[in-house]
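Grab a pencil and have a go at these exercises. Try each task yourself before you read the solution.

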Amino acid sequence: MRLRAVDVKLGYGDRVIVDGLDLGIEAGTVTTIIGPNGCGKSTLLRALGRLLKPSGGEVLLDGKRIDRMPTREVAKILGVLPQAPTAPEGLTVADLVARGRHPHQTWYRQWSSGDESAVNEALSMTGLLDLGERPLDELSGGQRQRAWISMALAQGTDLLLLDEPTTFLDLAHQIEVLELVRRLHSELGRTVVMVLHDLNLAARYTDHLVAMRGGEVVAAGPPGDVLTEGLLAEVFDLAAKVIEDPVTGTPLVVPVGPLPPPARRD
Amino acid sequence: MSAPAEKARPVSAPAEKATPVSASEEKATTPYARDHRVRERPLRIGPASWTVRPRSAAVALVLLAATALLTALGMRIGDIPMSLAQVVGAVVGDGPDHFVVMELRLPRALTGVLVGAALALAGAVTQAVARNPLASPDVLGVTPGASVSVVAVIVATSSAAGGPGGTLATLGIPLLSLIGGLVGALAVYTLAWRGGLDGYRLVLVGIGVSAVFTNVKYWLLTIGDVNDSGRAMVWISGSLNGRGWEHVVPVAIGLAVLVPPALLGARSLDALRFGDDTVTGLGVRSNLVRSLMVLAAVLLASVATAAAGPIAFVALAAPQVALRLTGAARPPLVVSALTGAALTVAADLVARTAFSPVELPVGVVTAVLGAPYLIYLLIRARRKARS
Amino acid sequence: MSASAATARPRAPGRAGTVHSRRLLVLAGLFAILAVAVMLSVMVGAKPVPPGDVWHALTAQTGTENDIVVRSLRIPRTAVGVMAGVALGVAGALMQGHTRNPLADPGLLGVTQGAAFAMVFGIMALGVTSLYGYIWFGMAGALVASAGVFALGMAGGRGGPTPVTLALAGTAVSAFLYALTSALVLMDQRAMDVFRFWQAGSIAGRDGEVVWQVLPFVAVGLLLALFNAPGLNALSLGEDVARALGQNITLTRSVGVAAITLLGGASVAACGSLSFLGLMVPHLTRPLSGPDHRWLLPYSGLAGAAALLLADVVGRVVARPGELEVGVVLALLGAPFFVALVRRRKPVRL
């Protein structure tokens with residue numbers, strides 16, 4: 001178990017969003033957290049990435065409490081890409097990706113050949129090598145998103161937490177990003193945790209699916225076990241048919257419509 | 001992390017593209033931050049309907065009461081000390097105190113109330129247009145323009161003609177301040193206009209223009225006699241000493257004329273907080289709204305400065321205090337104005353009593369009272385966010 | 001693929017190739033401008049000194065009039081100008097980076113008004129009369145005020161002060177101190193006389209002793225600023241990303257505030273209030289450097305020093321036989337330039 005949340009309590013100010021949640025992330029897997037808006041999936045991801053300190057419980061990285069590890073050491077093991085990050089105006093793609101090397105740099109070693117190759121590798125994996133000198137604010141939404149992913153890749157971490165990495169992307173680019181995630185996992189053995197909204201893509205690219213509602217984990221397991229018609233009703237208040245994806249054989253959700261009010265949970 | 005109320009107004013005047021400090025954090029906190037705020041209640045009379053926030057209304061009432069009480073307390077002080085009852089009696093009655101109260105003390109007190117309200121309102125509008133909590137009428141060129149004109153005349157007339165004459169002191173200086181303030185604002189506005197009025201460019205141009213005025217003012221203070229510098233400093237600080245009805249009336253007219261359109265424009269100000277694309281999408285003509293709101297702020301600040309000098313800190317702090325008292329998303333106009341009035345009147349009370357019989361200019365005290373209170377509000381907001 | 005990719009695509013990463021050499025070229029250009037400014041500052045004045053005499057004074061001084069002018073007046077004055085200019089340029093860039101507010105100047109943390117208050121207080125209460133005395137008081141006042149602002153920004157929360165809290169706390173404390181200073185100078189004419197000249201900002205009459213008073217503070221401040229640059233780069237991507245990249249945010253903010261305090265405090269104590277320089281310079285250099293603070297900070301330092309010296313030279317020439325304070329010249333010449341720049345191009349947002 002590489003990353004574990006043990007009985008965590010999470011919130012902002014005096015508002016509690018997640019209380020007493022347990023979750024484990026196995027090494028070498030792709031885990032996706034799904035759930036309706038406001039269910040606490042991003043909050044959970046932020047806590048796993050030590051961006052949010054739990055007010056109760058603990059998060060363990062390789063068995064050690066993450067908040068007691070030096071943050072720079074964590075940054076060499078664990079990369080986090082928050083939702084909709086922003087960059088100062090005029091920053092070029094290459095400069096942004098180079099900033100992913102931040103945890104590996106010291107004041108006397110600002111730019112090693114290792115940094116250089118990590119940045120090049122990250123840029124070529126996302127297909128951005130030719131856009132290196134373009135300012136980020138001139139790119140399309142999809143290119144910008146890929147540039148941010150490149151930054152997280154350049155960080156060179158075993159573990160990668162991505163909060164909605166496919167927002168702003170058209171379907172083709174969504175597939176491209178998720179194929180990239182699959183390669184990271186299958187070729188490089190990285191462990192990935194994502195928050196996704198598209199259930200069908202989540203089912204297709206995920207080993208382990210975690211469904212949340214109201215700050216609690218409702219179901220977890222392989223997509224085939226989790227994505228059932230009953231669960232969709234329970235978690236999303238959605239009436240849907242689940243059929244077999246003709247390409248991959250994974251579950252395919254075909255929405256029917258919202259559940260009639262009496263059947264809704266709240 | 002930080003106070004929700006602060007998160008709601010990012011400090012980096014954000015553009016369409018460049019979003020604030022930590023967008024992700026903000027995104028994560030705002031839905032819950034809303035919880036701290038009081039929801040709006042609809043108020044419908046016939047076809048008209050407004051939304052009223054109970055918390056803002058309560059804060060406004062408290063501030064109104066505080067202003068009235070402080071004004072009355074201030075009117076007790078003077079060569080003939082009076083009790084509160086005597087003050088009230090002198091206002092309604094016809095006794096020997098009637099003249100003193102009605103002709104000397106009441107106009108001074110009212111000048112304080114109105115000037116404080118006008119400055120605070122101007123500050124609230126400026127901060128909303130610039131989307132920057134550090135913006136104030138100083139940035140619009142008003143107060144620096146007024147200051148440099150008045151200092152120039154004080155320094156020039158003293159050595160040549162043995163001090164400004166009676167007409168100059170009573171009529172000339174306010175008029176000069178008014179003209180200086182308007183010219184300063186015109187300079188900022190013209191230089192900032194470039195096929196449209198961008199809040200960000202307005203603020204930066206304003207800083208540049210103000211720097212010129214301010215540094216020339218510093219230089220003028222060094223070339224004259226040190227006594228003139230002292231007299232100029234009193235005016236620069238802002239003073240209510242000897243203010244009469246002739247100071248009350250212009251500010252009152254200014255407020256009466258400018259407050260209704262400013263309040264109407266407030267709805268558009270809410271829209272202005274978004275980027276220009278969104279604003280246009282919401283059906284607001286952004287350049288027109290911005291220009292009119294800036295004009296209102298300029299006029300309010302100019303009139304107030306002409307009456308009492310550029311009283312420090314009110315325009316900047318009152319909107320920020322009001323923002324935190326009401327938990328609103330942008331500086332609320334009415335509450336800001338009332339905060340400004342209360343702050344100015346309270347400061348004048350302290351300015352006259354603290355070192356009595358020496359009287360300090362009111363502008364020296366506004367910051368001494370306002371700054372600790374603003375800091376207290378900042379700290380409290382952070383405490384709340386943590387607990 | 002590492003080596004091959006690096007050679008095959010020299011353009012790709014920001015370090016290599018044209019970008020890097022362009023940045024070095026700009027750096028060299030700014031150095032050259034500063035060198036010219038230094039030469040002018042040593043040569044021009046009430047008594048012009050030709051270059052040959054400057055060389056003579058530096059290498060083989062024999063006590064000629066020009067030797068004395070150069071060694072005891074012009075060189076110390078120029079040195080103070082360079083230090084203050086570098087300090088204000090760097091402090092301004094740091095301040096705008098940390099607050100992400102284009103209105104931020106090095107005085108925002110309270111250093112300017114803290115120094116002013118301490119100096120006026122020293123004059124009135126303790127009878128300080130010498131320039132060196134003022135400087136120590138100014139420095140102490142700047143440090144205390146800035147530490148106070150930071151403590152207030154930290155109070156009640158965790159994870160370091162947010163830009164808004166820092167900016168507002170700084171503004172509030174500055175206004176508070178300015179009010180106290182005004183009250184004091186209105187009651188004491190002697191203090192008023194010192195204060196009004198200090199307020200205008202000047203490097204006239206600063207001698208070798210002032211140089212040594214200020215130097216250690218500026219040196220340590222620049223060192224801290226250098227350490228702060230990578231962290232500030234990370235912070236400019238937002239606090240979440242900075243934390244994800246392993247940056248300790250409280251530490252970064254604290255180091256930044258310490259650097260701003262030392263740099264701003266030293267310059268303000270030695271030369272009076274020249275805050276506009278610190279505000280203006282980063283806006284001029286940011287279009288050249290882009291958002292990378294490792295370049296923005298040195299650019300701003302060099303540009304700040306050059307601007308201050310050139311303004312000082314102009315101030316010596318225009319008002320002969322007297323001098324115009326450098327703060328006034330900086331505003332009169334710098335502000336139109338600044339406004340033109342803001343108008344001409346879309347300002348780079350922070």
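Predicted model: local features only at pLDDT ≥ 70, side-chain atom pairs only at ≥ 80, totals over all residues.

**Exercise 1.** Work out why helix α13 of chain B is described as largely enclosed.

*Solution.* Start with the cut-offs: a residue is buried if 20 or more other C-beta atoms, placed from the backbone, lie within 10 Å of its own, exposed if 12 or fewer, and partly exposed in between. Now count: 13 of the 13 residues of α13(B) are buried, so the rest of the structure largely encloses this helix. Next, its length: α13(B) covers residues 314–326 and reaches 17 Å from first to last C-alpha, close to the expected 18 Å. That expected span is 1.5 Å times one less than the number of residues.

Residues are numbered from 1 along each chain as its sequence is written, while chains are lettered from A and ligands numbered from 1 in the order in which they are written. Helices (H or I, at least four residues) and strands (E, at least two) are DSSP runs, numbered from the N terminus.

**Exercise 2.** Find which strands stand at the edges of the open sheet in chain A.

*Solution.* Write down the order first: β6-β7-β8-β3-β9-β10, six strands with mixed pairing. Two strands pair if DSSP finds at least two bridges between them. β6 (78–81) and β10 (216–221) of chain A each have a single partner strand, so one side of each lacks a neighbour in the sheet. Now zoom in on β7(A) and β8(A), which pair in the parallel sense over five bridges. Here Leu162(A) sits opposite Met194(A) of β8(A).

**Exercise 3.** Is Thr29(A) buried or partly exposed?

*Solution.* Locate it: Thr29(A) is in the loop between β2 (15–25) and β3 of chain A. Then count: Thr29(A) has 15 C-beta neighbours inside 10 Å, so it counts as partly exposed. One more pair to check: Thr29(A) and Leu159(A) are 130 residues apart in sequence, yet their C-alpha atoms are 9.8 Å apart in space.
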